[in-house]
Amino acid sequence: MTATSTPGTTGTTEATATTAPQEQTAAAAPAVQLQFDTREIDECPPDLYRHEAIARGIDSFDNFGEEAVEFFQEYGYVVVHHAFSPGEVQQALDGLLYLIAGNRPDFRGIQFEAKARKILDTIPPEQRQDVVRKLIGYVEFDERLKAMSRHPRLIDAVSRLIGEPPALWADQALLKPPLIGREKPWHQDHAYFNLPIGTRIVGAWIALDEATPENGCMHIIPGSHRDGPVVHFKRRDWQICDEHVAVGKIAAVPLEPGGVLLFDGLLHHGTPPTQSERRRRALQFHYYPASVARITGEERLKVFGSEGKDVTC
Ligand SMILES: O=C(O)CCC(=O)C(=O)O
């Protein structure tokens, strides 16, 4: 989502797709217009991502048992290292690069960094990825990426966390280009999704490069999902107020390529701006219980918006 998108409308993060992973349903994600981020990069407070801990993880989906489910309920996340093989990671990267290079002109879900506007026509296709901020709604445009969203071991783990067969709510690729990749301020993903409060939403953030604090890995507040929905404000983004972030309880989530962070839709999380020359490319899928019906943006904002509440930022 960009600072210019309106909470409650179809922003660049807000999802409109519903594709049941267990069924090969027709294309569900409407194509998003090609867009450039118009926002200048805002400075964030220097300590906003100072981590006190590194998120704990299990070694692979082979170890994903009842203990992982209980850990998720308690802390709002599970890290699974080596969840995807190097071959699967490469396939996903190939799929992304194929779309970024413009091989599917009907795919309009690429959001470029602001600086790309002037130079996009002048740079070779293989350099385009270093001015891309995100891709949205791609699973129906590339079989390799669709396969990742339906990966049987991922779907099995998500089903256990949700407690019933999941449907895909949103599919994104989040790129932090070297040196220019911007912050994604602290937020709860449910604040973007028109799903009833109480819906078990699970995000899967899959590292395609090594993700580190320097190049902008995920940062989380373990256990924060248990505090329930919190008010979001339109500041640098649609976000939790900086002053409301529990600095002092932050865990960084460094991942090797093929590692995944599974996290609750109410977990407070964000990513700092990159300070690195190394790429940080990731896929992100959001799943929800297939039986749940959507709500309106207005209903969502009654909970996540600040209007009419005694909360300031
Ligand atoms: O990958 C990132 O930088 C941010 C991911 C995220 O939290 C989001 O897009 O909701």
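Reader: Which residues of helix H1 (residues 66-75) are buried?

Author: This is a predicted model, in which local features need pLDDT of at least 70 and side-chain atom pairs count only at pLDDT 80 or more, while totals for chains, interfaces and linings use all residues. Residues are numbered from 1 along each chain as its sequence is written. A residue is buried if 20 or more other C-beta atoms lie within 10 Å of its own, exposed if 12 or fewer, and partly exposed in between, with C-beta atoms placed from the backbone. Helices (H or I, at least four residues) and strands (E, at least two) are DSSP runs, numbered from the N terminus. In H1, the buried residues are Ala68, Phe72 and Tyr75. Seen down the axis of H1, these buried residues fall within an arc of 90°, so they line one face of the helix. The arc is that of the directions from the helix axis to the C-beta atoms.

Reader: Why do residues three or four places apart point the same way in an α-helix?

Author: An α-helix has 3.6 residues a turn, so such residues point the same way. On the other side of H1, Glu66, Glu67, Glu70 and Glu74 are exposed. Gly76 follows H1 and has a positive phi, near 85°.

Reader: What covers the buried residues of H1?

Author: Two residues are in contact if their C-beta atoms, placed from the backbone, lie within 7 Å. The cover of H1 includes strand S3 (57-58), strand S4 (77-80), helix H5 (152-162) and strand S14 (260-264).

Reader: Which residues have the most contacts inside the largest nonpolar core?

Author: In soluble globular proteins, nonpolar side chains tend to be buried together. A nonpolar core is a set of buried Ala, Val, Leu, Ile, Met, Phe, Trp, Tyr and Cys residues joined through C-beta atoms within 7 Å. Here the largest one has 76 residues, and Tyr77, Val253, Leu261 and Leu262 have the most contacts inside it. Strand S7 (residues 166-176) gives the most to this core, with 7 residues. Leaving aside neighbours within four places in sequence, Leu262 is in contact with residues including Phe72, Tyr77, Ala157 and Val202.

Reader: In what order do the strands of the open sheet stand?

Author: Strands of a sheet pair through backbone hydrogen bonds, either parallel or antiparallel. Two strands count as paired if DSSP finds at least two bridges between them. The sheet has 9 strands in the order S1-S5-S6-S7-S16-S9-S14-S4-S3, with mixed pairing. Strand S1 (35-36) and S3 stand at the edges, each with a single partner strand, so one side of each is left without a neighbour in the sheet. H5 packs on the sheet, touching S7, strand S9 (202-207), S14 and strand S16 (280-289), and its direction makes about 150° with that of S9. For that angle, axes are lines fitted to C-alpha atoms, for helices over the stretch in contact, and angles run from 0 to 180 degrees between N-to-C directions.

Reader: How many bridges join S1 to strand S5 (residues 110-112)?

Author: S1 and S5 run parallel and are joined by 2 bridges. Phe36 has Phe112 of S5 as its bridge partner. S5 and S6 pair in the antiparallel sense over 3 bridges, and Phe112 has Val132 of S6 as its bridge partner. S6 and S7 are also antiparallel, with 3 bridges, and Leu135 stands opposite Ala173 in S7. Between S7 and S16 there are 10 bridges, again antiparallel, with Ala170 opposite His286 in S16.

Reader: How many residues of S6 (residues 132-136) are buried?

Author: In S6, 5 of its 5 residues are buried. For S7, 11 of its 11 residues are buried. Across the chain, buried residues make up 46% of the 313 residues.

Reader: Where is His82 found?

Author: His82 is in the loop between S4 and helix H2 (86-100). Its phi is near 50°, a positive value in a residue other than glycine. With 18 C-beta neighbours inside 10 Å, His82 counts as partly exposed. Leu179 is not a glycine either and has a positive phi of about 70°. Leu179 lies in the loop between S7 and strand S8 (184-187). This residue, Leu179, is partly exposed, with 13 other C-beta atoms within 10 Å.
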